[in-house]
Amino acid sequence: MSLRCSSNNRTLCEVLREINDVLQDHVIHKQILPKLIEAEKMGKRMAGKLMEYNKQVFADWWEKNPDYEADMKLRLNKNYITEEGKNKQESTGLLKKLALKYKADKTGDSVANYTDNYEAQLVSFKNKFFALLEIGVSKGGSLKMWKGYFPNAKIVGVDIDHNCLQFADDRIKIYIGDQTDSSLWDTVFKEQSFDIIIDDGGHHVHQQQIAFNLLFPRLNAGGVYVIEDLHTSYWPDFGGQYNKADTTVSFLKKFIDGVNWRWYKELSRPNESCTHEKPTYFDLNIKSLHFYNGICFIYKK
Ligand SMILES: C[S@@+](CC[C@H](N)C(=O)[O-])C[C@H]1O[C@@H](n2cnc3c(N)ncnc32)[C@H](O)[C@@H]1O
């Protein structure tokens, strides 16, 4: 007996056969998702069956990516896989679950809840093949969390503490060094470029700004740079204080003018306030900034 999909008259078997064809190589599993979306049109149970089938055929891949299964189940149960959701999937809460599982320093604290912010901003990277760099490894929790959330990403961690080398594995690479040391970044970028860079390192305002100045120019076009724990801009022992000129929050506020540079540096109509200054690298390359409590996402053009 063949089960027919009422919307386009294709059988489940035909869809399964197509999956088999596209999944010659385990690595291109990203193509599962559109197929699951298609299967969902036949009903959620079918999508579940399709996933089970897929797991049998590609057992190795699924075994190496246990968190992906949880994510898939969550999406199926919550009906997140829809036509419109093909490319822009909604937040599932998976990142928070992974943060709690691996004890990443990113959620559950009374001041900040970064996982929701991250999931809202980075969901478009979910199944992409890309590389993520995080400054600040500590006990390795966040690197394991990223590995679980992004099944196709290379994860790189940098920390000043040599003990962090123990957290390297098949998809996680660790470098030891100081985030303000440009020679460290020469070594790291010789091997890899990045689409996402996260600063969760020393958190002193000068460290945050030096690292940003060194790394943002090296971030891939279309990438995102994230600075965590911006509350140190209000803490004197980290170089902060409300409204002080050289804090990281003040540094980032200037980029709001930078995003709008044309309106005061290069006006097309006569205006006395035009400065005629040359746009800086950051004026030209920062596309947008997105602030939440304690964290900022800076997008590159
Ligand atoms: C808040 S912890 C990182 C937590 C981790 N990202 C997580 O979410 O689970 C900060 C880490 O930054 C490291 N660190 C401090 N100063 C640094 C520096 N100048 N360069 C690189 N890493 C630094 C510390 O050794 C520590 O492991």
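Analyst: For the residue classes, Ala, Val, Leu, Ile, Met, Phe, Trp, Tyr, Cys and Pro count as nonpolar, Asp, Glu, Lys and Arg as charged, and the others, Gly among them, as polar. Please keep in mind that this is a predicted model.

User: With those classes, how many nonpolar, polar and charged residues are in the shell around the ligand?

Analyst: The shell around the ligand is made up of eight polar, seven charged and five nonpolar residues.

User: And which residues come nearest to the ligand?

Analyst: Out of the 20 residues around the ligand, the nearest are Asp105, Gly136, Ser138, Ser142 and Gly202. Two or more shell residues are contributed by each of strand S1 (131-135), helix H8 (141-149) and strand S2 (154-159).

User: Is H8 mostly covered or exposed?

Analyst: H8 is mostly covered, with eight of its nine residues buried. Among the buried ones are Ser142, Lys144, Trp146 and Lys147, and Ser142 is also one of the residues that come nearest to the ligand.

User: Switching to the core, which residues touch the most other members there?

Analyst: In the largest nonpolar core, which has 45 residues, Leu132, Trp146, Ile197 and Tyr225 touch the most other members. Trp146 belongs to H8, where it is buried.

User: What is Ile197 in contact with, leaving aside its neighbours within four places in sequence?

Analyst: Ile197 is then in contact with Leu133, Leu215, Leu219 and Tyr225.

User: OK, strands now. Which strands pair with S7?

Analyst: Strand S5 (residues 224-228) pairs with strand S7 (residues 295-300) in the antiparallel sense over five bridges, and Val226 stands opposite Phe297 there. Strand S6 (residues 286-292) also pairs with S7 in the antiparallel sense, over six bridges, with Tyr292 bridged to Ile295 and Phe291 opposite Cys296.

User: How many residues lie between S6 and S7 in the hairpin?

Analyst: There are two residues between S6 and S7 in that hairpin, and Gly294 in the turn has a positive phi of about 85°.

Conventions: Residues numbered from 1 in each chain as written. Predicted model: local features only at pLDDT ≥ 70, side-chain atom pairs only at ≥ 80, totals over all residues. Core = buried A, V, L, I, M, F, W, Y, C linked by C-beta atoms within 7 Å. Buried ≥ 20, exposed ≤ 12 C-beta atoms within 10 Å, placed from the backbone. Contact = placed C-beta atoms within 7 Å. Pairing = 2+ DSSP bridges. Helix = DSSP H or I, 4+ residues; strand = E, 2+ residues; numbered from the N terminus. Near = placed C-beta within 6 Å.
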